[in-house]
Amino acid sequence: MSAVYFAGILLAAGLCCMLLLAVQRRNEGRLVSELMDSRLEGFRREVLEFRGVEKQVRELGLSSAERSICDFDYSDAFRGARELTILMHDGASWLRENKDWINSESRAGMRIKAIFVHPESNFVPILAYRQRVPAALLAEKILASARLLQQEFGDRCEVWGHVLPTSYSVVMSESKGVFMPYPASRERGRVPAFVFTDDNSSDGFLMQLRRDVEALRVDCRPIFEDAYPSASRSEGETAVGEVVPADFEWRLRSS
């Protein structure tokens, strides 16, 4: 009797252990399932968020970005471009940093349309204060940039001057644009470069940039007034460009 009794106890204990183990595994399975469901739900949300951002990026036409304009390779981005439009304050630094590429594109026959701040604009003293340079020097830099482009590109170059404050620079070809926002303060921080491509969409950011730049150009005057006979000049206005030191272009090239 004692052996049978003991065997029964062992059997009951074994059944209880098996039952507890089954319950534990069931609970573990439920926990694993809940954990997997949670992870899958999180992954699903991340995918949806990424798809949303990707859709917005695609609609904007943003193709790439650089942390600093100093890291951007214009020669690679605009290789083979037939025409280039640039909007900048004075263009001196850009011309200096990209002179080799500009020379090569000039020899390749590319056309260029440049829009700088007009040297006679009331915005020049404000911009000069921001750049911590004398207003006369800033006007000279603008004129020197205009002359350099005309020397390089000849009759394939147009240089216009605007009188409005602008919050960005842009370099655009037929199918691509580099957008560079200006800092709001007088500090010289890292300026990023955002590259947009043209997808033939009227809502794309590059198309909006084109419309904005063209609207600005309508209000421009040629920096050298006699350069474009089609541009009218009001009676009493005089051409600009005579105040630049003769060697300033050379100093800009060699700086």
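How many of the six residues in strand β4 (residues 157–162) are buried? Some notes on that and its surroundings, bearing in mind that this is a predicted model.

1. Five of the six are buried, so β4 counts as mostly covered. Cys 157, which falls within that strand's range, has a relative accessibility of 4%, and it counts as buried because the cut-off is under 20%.

2. Look at who β4 pairs with. Strand β3 (residues 111–117) runs parallel to β4, and six bridges join the two. Within that pairing, Ala 114 sits opposite Val 159 of β4.

3. β4 also pairs with strand β8 (residues 221–222), this time antiparallel and over two bridges. Trp 160 has Pro 222 in β8 as its bridge partner.

4. If you're wondering about cysteines: Cys 220 is buried too, at 10% relative accessible area. A search of the whole structure turns up zero disulfides.

5. On to the packing. The largest nonpolar core has 38 residues, and Phe 78, Trp 94 and Leu 149 are the ones touching the most other members. Helix α6 (residues 135–153) is the top contributor to this core, giving seven residues.

6. Phe 78 deserves a click in the viewer. Setting aside neighbours within four places in sequence, its contacts include Phe 72, Leu 84, Trp 101 and Val 178, along with Glu 105, Ser 173 and Lys 176. Met 172 is also one of its contacts, yet Met 172 belongs to a second, separate core of 14 residues. Phe 205, Leu 209 and Leu 216 are among that second core's members.

How values were computed: Residues are numbered from 1 along each chain as its sequence is written. This is a predicted model: local features need pLDDT of at least 70, side-chain atom pairs count only at pLDDT 80 or more; totals for chains, interfaces and linings use all residues. Side-chain values use heavy atoms; hydrogens and water are left out. A disulfide is a pair of cysteine sulfur atoms within 2.5 Å. Buried means under 20% relative accessible area, exposed over 50%, partly exposed in between (1.4 Å probe, protein chains only). Helices (H or I, at least four residues) and strands (E, at least two) are DSSP runs, numbered from the N terminus. Two strands pair if DSSP finds at least two bridges between them. A nonpolar core is a set of buried Ala, Val, Leu, Ile, Met, Phe, Trp, Tyr and Cys residues joined through side-chain atoms within 4.5 Å. Contact means heavy atoms within 4.5 Å.
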